[in-house]
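Let's take a walk through this structure together. Have the sequence and the 3D view open as you read, and look up each residue as we get to it.

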Amino acid sequence: MNKILQNLFLIILVSLTLSGCGSDSNKKYEGFMMPESVAEGPDGSIYVSEIGERDIDKDGKISKINRDGTIETVASGLYDPKGIVFHNDKLYVTDRDVVIEVDLDGTWQVYAGTMLFPKVPVFFNDIDVSSNGTLYVSDTGDFKESGFIFAVKPSGEIDLLFEGNDLIKAPNGVLVLEDSKLLIVDWAGDLLEGDLKSQEIKKLGEGFEGGDGLAINNDTIYISSWTKGTIYSFKNGVTKVIADGFEAAADIALIRDNKVLAVPDMKAGTVTFINI
Ligand SMILES: [Ca+2]
Ligand SMILES: [Ca+2]
């Protein structure tokens, strides 16, 4: 092989390898039992909460999709796990009426028990975390108007947020912005921004009925609708459909340096990676 051909061969090899790095984009992973939420782990694997059968104890679990595409169980014996978020290499999970803490080796324990909450938990849903480790937890209540949002502080103290505000109906997705605001998508359809200090809430948008998950990159907010099976982008007051046709688009997450959106479809039992 002469020098030019050799170099050409090298260039092709390098570009094939590089494109191979993004090979898990636009992929669909199957075989999950009611997947609700996704989060990227410290090693780049994607953790998935699986409810199993609803209202059945011990069949809920946390799985992960490894970088090579294989899927394994991380933690099992849960009730109906939903929202998941990483903080300091531990995974915090809402599980019906408790928050649990899962270590990377799969062992888990109750982190915030039912009786510690200032209102009786009914349907814990999403969870997010601020930089100091305060966990924000939504309770969707009866999916009409009896929901709450709680702050679980590292000290163990639990506060009820936005108490008595009529805009909080059945909150589902929560996302902390710069440790000072909480983005909320309500099952009733409103996109809200709550000020964590003043406790005031402003409505940013509407039309997201069945709203489930939230993600944000720069000024673009991504919202999933469980009932419509649709993923929206929302920027400067303008809503666009970016993906559609899911049976039940649950709690989304941005992964791979915000280049890929991971979408668990609860009814189809799949997790789809979408390039954005
Ligand atoms: Ca279950
Ligand atoms: Ca949710």
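Predicted model: local features only at pLDDT ≥ 70, side-chain atom pairs only at ≥ 80, totals over all residues.

A strand here is a DSSP run of E that is at least two residues long, while a helix is a run of H or I of at least four residues, and both are numbered from the N terminus. Residues are numbered from 1 along each chain as its sequence is written, and chains are lettered from A and ligands numbered from 1 in the order in which they are written.

Is I184 buried or exposed? A residue counts as buried if 20 or more other C-beta atoms lie within 10 Å of its own, as exposed if 12 or fewer do, and as partly exposed in between, with C-beta atoms placed from the backbone. I184 has 29 other C-beta atoms within 10 Å, so it is buried. For its neighbours we need contacts: two residues are in contact if their C-beta atoms, placed from the backbone, lie within 7 Å. Setting aside residues within four places in sequence, I184 is in contact with I149, P171, G173, V174, L192 and G194. Take G194 from that list: 10 residues separate G194 from I184 in sequence, and their C-alpha atoms are 7.5 Å apart in space.

Now zoom out to the whole chain. Its secondary structure comes to one helix and 24 strands. The C-alpha atoms fill a box of roughly 75 × 45 × 35 Å along the principal axes. The radius of gyration is taken over C-alpha atoms, and the globule rule is 2.2 Å times the number of residues to the power 0.38. For 276 residues, a compact globule would come out near 19 Å, and the chain has 20 Å, which agrees. Of the 276 residues, 42% count as buried. Among contacts with a separation of 6 or more, 41% come from residues 24 or more positions apart.

Next, the sheets. Strands of a sheet pair through backbone hydrogen bonds, either parallel or antiparallel. Two strands are said to pair here if DSSP finds at least two bridges between them. Four strands form an open sheet in the order β18-β19-β20-β21, with antiparallel pairing. At its edges are β18 (211–217) and β21, each of which pairs on one side only. Neighbouring strands of this sheet are turned by 25° against each other on average, direction ignored; the axes are lines fitted to C-alpha atoms, for helices over the stretch in contact, and angles run from 0 to 180 degrees between N-to-C directions.

Five of the seven residues of β18 are buried, so β18 is largely enclosed by the rest of the structure. In strand β21 (residues 238–243), the number buried is zero out of six, so β21 lies largely in the open. Starting from the β18 side, five bridges join β18 to strand β19 (residues 220–225). Here G211 stands opposite S225, and A215 has Y222 as its bridge partner. Two residues lie between the strands in this hairpin, where N218 takes a positive phi near 55°.

Six bridges join strand β23 (residues 260–265) to strand β24 (residues 270–275), and A262 has F273 as its bridge partner. L261 lies in β23 and is buried, with 25 other C-beta atoms within 10 Å. Beyond residues up to four places away in sequence, L261 touches A215, Y222, I231, I252, L254, I274 and I276.

Finally, the core. A nonpolar core is a set of buried Ala, Val, Leu, Ile, Met, Phe, Trp, Tyr and Cys residues joined through C-beta atoms within 7 Å. The largest one has 70 residues, and those with the most contacts inside it are Y47, V99, I149, I223 and A262.
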